[in-house]
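Hi,

Here is the structure I promised to pass on. Have a look at it, and then read on for what turned up.

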Amino acid sequence: MEVFYIGGSPCSGKSTVAEALAERYDLVYFKVDDYLEAFTAQGAEAGLPVCQRIQRMSAEETWMRPPRIQCQEELDYYQEIFPFVMEKLTALHAPRIIAEGAAFLPYLMTNNAHYVAITPSRTFQITRYRERPWVPHVLQDCTDKEQAFANWMARDALFAAEVRRQCSLLDLPHLLTDGSVSQETRLKQVTAQFNLAE
């Protein structure tokens with residue numbers, strides 16, 4: 001089984017790239033986000049503290065905390081569920097897979113030859129989030145929705161910065177999405193990184 005991993009942070013175009021590569025090179029697409037609810041429940045049942053906390057927190061409790069606390073929790077969460085992610089991925093038994101998700105943190109992927117992280121600039125991130133129709137639903141139970149959104153954006157900016165820091169420290173490949181590169185160019189960059197045949 002050969003797996004190509006795309007890590008990084010939200011709103012960077014990871015899913016778009018993964019979907020395009022899956023279609024172009026006949027890869028099975030594994031999207032971590034599709035299983036997050038199940039992984040969280042699995043972790044909570046196993047007594048993992050971050051998963052348990054996430055399960056019981058309200059939207060108000062989640063989004064009104066300081067962004068640095070939220071970011072650290074996100075990092076800890078992905079570390080907790082990583083074994084579940086890899087177990088699910090391995091169970092696919094597919095010859096070639098494109099796996100995408102923020103759970104693929106650089107420091108968890110140091111022994112993998114096929115890895116790239118993609119993160120957005122803060123301006124690009126906020127612009128794209130404001131275009132997503134499901135964002136108001138996520139924040140609908142917060143008493144101060146604008147502050148909750150600001151905290152969310154700050155959390156993700158901190159997360160993106162941490163991914164970039166880890167990539168730099170571990171000499172792992174990273175691509176920045178700021179709107180200056182076309183989708184086709186980005187696909188070519190990732191294709192070259194993975195040594196996929198044109």
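Where is the place of Gln-140? Gln-140 is in the loop between helix H7 (135-139) and H8. Keep in mind that this is a predicted model. Gln-140 is partly exposed, with 43% relative accessible area. Although Gln-140 and Glu-60 are 80 residues apart in sequence, their C-alpha atoms are 9.3 Å apart in space.

Now to the sheet. Five strands make up an open sheet, and the order is E2-E3-E1-E4-E5, with parallel pairing. At the edges stand strand E2 (28-31) and strand E5 (174-177); each has a single partner strand, so one side of each is left without a neighbour in the sheet. From one strand to the next, the twist averages 20°.

Here is how some of the strands pair up:

- Strand E1 (residues 2-8) and strand E3 (residues 96-100) run parallel and are joined by five bridges. To find the spot, look for Phe-4, which stands opposite Ile-98 in E3.
- E1 also pairs with E4, in the parallel sense and over four bridges. Ile-6 stands opposite Val-116 in E4.
- E4 and E5 run parallel too, joined by four bridges. Here Thr-119 stands opposite Leu-176 in E5, and Pro-120 stands opposite Thr-177 in E5.

What about the surroundings of E4? Six of the six residues of E4 are buried, so this strand is largely enclosed by the rest of the structure. Tyr-115, Ala-117 and Thr-119 point one way from E4, while Val-116, Ile-118 and Pro-120 point the other way, and all are buried.

Which strands does helix H9 touch? Helix H9 (residues 183-194) packs on the sheet and touches E1, E3, strand E4 (115-120) and E5. The direction of H9 makes about 155° with that of E4.

Next, the charged side chains. The count comes to 11 salt bridges. One of them joins Arg-96 and Glu-2, with the closest N and O atoms 4.0 Å apart. Arg-96 lies in strand E3 and Glu-2 in strand E1, so this pair ties together parts that are 94 residues apart in sequence. Arg-96 is partly exposed at 30% relative accessibility, and Glu-2 is partly exposed at 29%.

Lys-14 is worth a stop. Its place is in helix H1 (residues 14-25). Is Lys-14 buried or exposed? At 7% relative accessibility, Lys-14 counts as buried, because buried means under 20%. Lys-14 forms a salt bridge with Glu-100, and the closest N and O atoms are 3.9 Å apart. Since Lys-14 lies in helix H1 and Glu-100 in strand E3, the pair ties together parts that are 86 residues apart in sequence. Glu-100 counts as buried too, at 1% relative accessibility. A network of salt bridges links Lys-14, Lys-31 and Glu-100. Leaving aside neighbours within four places in sequence, the residues in contact with Lys-14 include Ile-6, Gly-7, Gly-8, Ser-9 and Ile-118.

Another salt bridge is the one in which the side chains of Glu-73 and Arg-65 meet, at 2.9 Å from N to O. Glu-73 and Arg-65 are buried. Arg-65 turns up again among the contacts of Gln-70, which lies in helix H5 (residues 67-90). Gln-70 is buried, with a relative accessible area of 1%. Not counting residues up to four places away in sequence, Gln-70 touches Thr-62, Trp-63, Met-64, Arg-65, Asn-151 and Arg-155.

Last, the surface. Which residues make the nonpolar surface patch of about 290 Å²? Tyr-107, Leu-169 and Leu-170 make this patch. Leu-169 lies in helix H8 (residues 145-170). With a relative accessible area of 63%, Leu-169 is exposed, because exposed means over 50%.

Best wishes

Terms used: Residues are numbered from 1 along each chain as its sequence is written. This is a predicted model: local features need pLDDT of at least 70, side-chain atom pairs count only at pLDDT 80 or more; totals for chains, interfaces and linings use all residues. Side-chain values use heavy atoms; hydrogens and water are left out. Patches are made of residues with over 30% relative accessible area and no salt bridge: like charges are joined within 9 Å, nonpolar side chains (Val, Leu, Ile, Met, Phe, Trp, Tyr) within 5 Å. Accessible areas come from the Shrake-Rupley method with a 1.4 Å probe; for residues, only the protein chains shown count as cover. Helices (H or I, at least four residues) and strands (E, at least two) are DSSP runs, numbered from the N terminus. Buried means under 20% relative accessible area, exposed over 50%, partly exposed in between (1.4 Å probe, protein chains only). Two strands pair if DSSP finds at least two bridges between them. Axes are lines fitted to C-alpha atoms, for helices over the stretch in contact, and angles run from 0 to 180 degrees between N-to-C directions. Contact means heavy atoms within 4.5 Å.
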